[in-house]
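Subject: Model handover

Hello,

The model we discussed is below, and my notes follow it. Please read them with the structure open.

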Amino acid sequence: MNARAAVGFEPAVEAIGLRKHFGPIHAVDGIDLAFTPGRIYGLLGPNGSGKTTLIRLLAGLARPSGGEARILGLTMPDRPTLGKVGYMPQAEALYPDLSVGENIGFFAALQGVRGSAAIDRSLDLVELGSRKGAPVLELSGGMRRRLSLAVTLVHEPPVLFLDEPTVGVDPALRVQFWGHFRKLADAGTTILVASHVMDEADRCDELVFVRAGRVIARGTGADLRSTAGTDNLETAFLRFAGLDDAGRPLDAGRGPDPEAAP
Ligand SMILES: Nc1ncnc2c1ncn2[C@@H]1O[C@H](COP(=O)(O)OP(=O)(O)O)[C@@H](O)[C@H]1O
Ligand SMILES: [Mg+2]
């Protein structure tokens, strides 16, 4: 509460000592975060570092082993709050035999969206309005990613979790996606985007680096570069992870102090 008063806003997304264990695996190992509304946060980290697990905990799709996840001040999982969350999973969750319109209609109904205006708006946003009747199995990979995004946005959630949304997406579409993300953030949506693509990191307002279930650094891209003493974000990431430029553990065993980041 005091921390909240000090920063002067109610965080849209909060993790407080958040943990998730799968048997001996500490997928999320004590994470504290507070996200300001209307900003884009990048969640970066190597495969297996706990990005997807963290997102699922924050989005209320998994129960923590310890600590707490809050969305708009409410402890997750919380059924009514699920309607305030958009979650684009890493793996596609579409029905291939159903049409574009039937797919988005199904998810809209699940979210209690009535009428077709919201559906048409979401499809138009990702330029799939003309493909409403097409079966999903006839769509290209990029079109399916666009439909996944439309499905995620149909109920206009104030908090968005996007798990590697641009994997398998060509550069032109990637730029379009980031244009959408920025517009949504400008309108007040809080966005957490997991990625292991460093060139996407610079499109975020703030970055959170995770490794082995822990936050090893956070700040703006510029902060992190200057703390790590490099102008290359990928190198900065390796430094924070305590690795040399080839990804091998440094002899000293530790990178720059993440606490030093402003
Ligand atoms: N349902 C699960 N059961 C057991 N282990 C899991 C499960 N989900 C994730 N893990 C493990 O937790 C760790 C973090 O995984 P994940 O969150 O998917 O990482 P990332 O998204 O960064 O690649 C990995 O070691 C992974 O194998
Ligand atoms: Mg993942």
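The side chain of Thr52 has an N or O atom 2.9 Å from an oxygen atom of ligand 1, a polar contact in the sense of a pair of N or O atoms within 3.5 Å. The side chain of Lys51 also places an N or O atom 2.9 Å from a ligand 1 oxygen, and for Thr53 a polar side-chain atom is 2.6 Å from an oxygen of ligand 1. On its own, ligand 1 has 560 Å² of accessible area, of which the protein covers 60% (Shrake-Rupley method, 1.4 Å probe).

This is a predicted model, in which local features need pLDDT of at least 70, side-chain atom pairs count only at pLDDT 80 or more, and totals for chains, interfaces and linings use all residues. Residues are numbered from 1 along each chain as its sequence is written, chains are lettered from A and ligands numbered from 1 in the order written, and side-chain values use heavy atoms, without hydrogens and water.

The shell around ligand 1 includes Phe22, Ile25, Pro46 and Lys51, a residue being near if one of its heavy atoms lies within 4 Å. Helix H2 (51–58) and strand S2 (25–35) each supply at least two shell residues, with the largest share, 3 residues, coming from H2. Helices are DSSP runs of H or I, at least four residues, and strands runs of E, at least two, numbered from the N terminus.

Regards

Notes. Polar contact = N/O pair within 3.5 Å; in protein donor to acceptor, adjacent residues only side chain to side chain.
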